[in-house]
Amino acid sequence: MSALTVAAPAKLNLYLHVTGRRPDGYHTLDSLVAFAGIQDMIRVEESRGLTLDIEGPFKDDVPHGEENIVLQAALALREKLEAPMGAKITLVKRLPVASGLGGGSADAAATLSALMQLWKDAPADDELMALALKLGADVPVCLAGQACFVGGIGEELTPAPKLPESWVVLVNPGVPLSTPTVFAAREGDFSRPNRFDYAPADGAELAAILAERTNDLHVSALTMAPVIGDVLKALKDRPGCRLARMSGSGATCFALFDTADAAIQTTMALDKDHPGWWVKTGSLICDTGTLSRPAP
Ligand code: C5P
């Protein structure tokens with residue numbers, strides 16, 4: 001294979017409980033993570049050197065040099081594989097940056113997957129996951145690409161029960177939020193883990209389960225970006241909205257709908273009423289197919 005493309009879908013924290021704080025400052029979580037069919041793209045081609053080109057609407061919001069997580073992922077993988085392999089990598093940056101959608105983590109995961117296929121080589125599973133976690137706390141779940149309960153700081157992955165078919169509207173009001181700052185500003189007691197072990201029958205049941213849980217970063221993010229309150233209100237007011245919640249450390253919020261039509265109507269209405277907001281529709285994805293092994 002001389003070139004291939006791997007999607008890097010947005011990550012959604014359907015709920016996010018902060019369960020503790022480690023001595024190194026990282027927080028332990030209990031979160032249900034799934035994905036939305038709205039994505040960056042990673043394309044890799046055979047090449048002698050290792051280079052990165054960036055395209056797409058948010059290309060100016062990410063570093064273009066070695067600080068870019070895509071090149072960090074490529075360099076870390078190449079070092080682990082101990083071979084001087086190259087690639088011409090292109091990132092199509094369609095997801096807003098610093099937005100709670102794990103875009104950088106998704107890009108890193110898609111890069112690892114694409115390069116393992118291009119280079120026809122891969123580290124052992126545990127080494128790959130350790131490398132992923134070093135790149136960022138959300139990279140392991142993005143690499144696994146499965147709807148999962150996430151524990152630890154992001155490294156403990158437990159496959160979630162089957163989730164009902166749903167449609168997602170994502171809204172980002174254009175205010176970047178720093179993940180460490182939002183975590184650091186969180187106040188109050190830690191939450192308990194609150195997993196469930198059965199498949200919700202439909203969107204109403206999934207929404208009822210999620211409504212009993214929270215995003216524990218909501219309050220601190222809202223303090224820094226009060227517009228999050230306006231986004232959630234605009235989503236909750238829409239016909240057919242089962243649940244509206246902030247993802248990750250914000251400021252992107254998502255809403256769940258049973259039908260594509262209700263989601264698309266919402267997207268069109270919010271686009272019209274709030275031209276400055278980034279509003280997108282996609283399906284809820286429980287298996288992204290990101291973790292492809294090199295062909296034997
Ligand atoms: O690992 P990542 O680069 O995504 O995390 C960015 C920052 O977010 C960390 O340095 C930490 O301050 C905070 N964080 C945290 N607990 C997590 C994930 C991230 O405190 N589980």
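The structure is a predicted model, in which local features need pLDDT of at least 70 and side-chain atom pairs count only at pLDDT 80 or more, while totals for chains, interfaces and linings use all residues. Residues are numbered from 1 along each chain as its sequence is written, and side-chain values use heavy atoms, with hydrogens and water left out.

**The annotated site**

- An unreviewed UniProt entry lists Lys11 and Asp138 for "active site"; such annotations may be inferred rather than shown by experiment, and the positions are given in the numbering used here, with feature names shortened.
- Although these residues span 128 residues in sequence, no two of their C-alpha atoms are more than 8.6 Å apart, so they gather at one spot.
- Lys11 lies in strand 1 (residues 3-21), whereas Asp138 lies in the loop between helix 3 (125-135) and helix 4 (139-144); here helices (H or I, at least four residues) and strands (E, at least two) are DSSP runs, numbered from the N terminus.
- Lys11 is buried, with a relative accessible area of 3%, while Asp138 counts as partly exposed at 23% relative accessibility (buried means under 20% relative accessible area, exposed over 50%, and partly exposed in between, with a 1.4 Å probe and protein chains only).
- The side chains of Asp138 and Lys11 make a polar contact at 3.1 Å, a term for a pair of N or O atoms within 3.5 Å in which, within protein, one must be able to donate a hydrogen and the other to accept it, and for which residues adjacent in sequence count only if both atoms are side-chain atoms.

**The aromatic rings**

- The structure holds three aromatic pairs (rings of Phe, Tyr and Trp, the last by its six-membered ring, pair if their centres lie within 6.5 Å; planes under 30 degrees apart count as stacked, over 60 as edge-to-face and the rest as tilted).
- Phe149 and Phe196 form an edge-to-face pair, at 5.4 Å centre to centre and with 85° between the planes.
- Phe149 lies in strand 5 (residues 148-151) and Phe196 in the loop between helix 5 (179-185) and helix 6 (203-211), so this pair ties together parts that are 47 residues apart in sequence.
- Phe149 is buried, with a relative accessible area of 3%, and Phe196 also counts as buried, at 7% relative accessibility.
- Ring pairs link Tyr15, Phe149, Phe196 and Tyr198 into a cluster.
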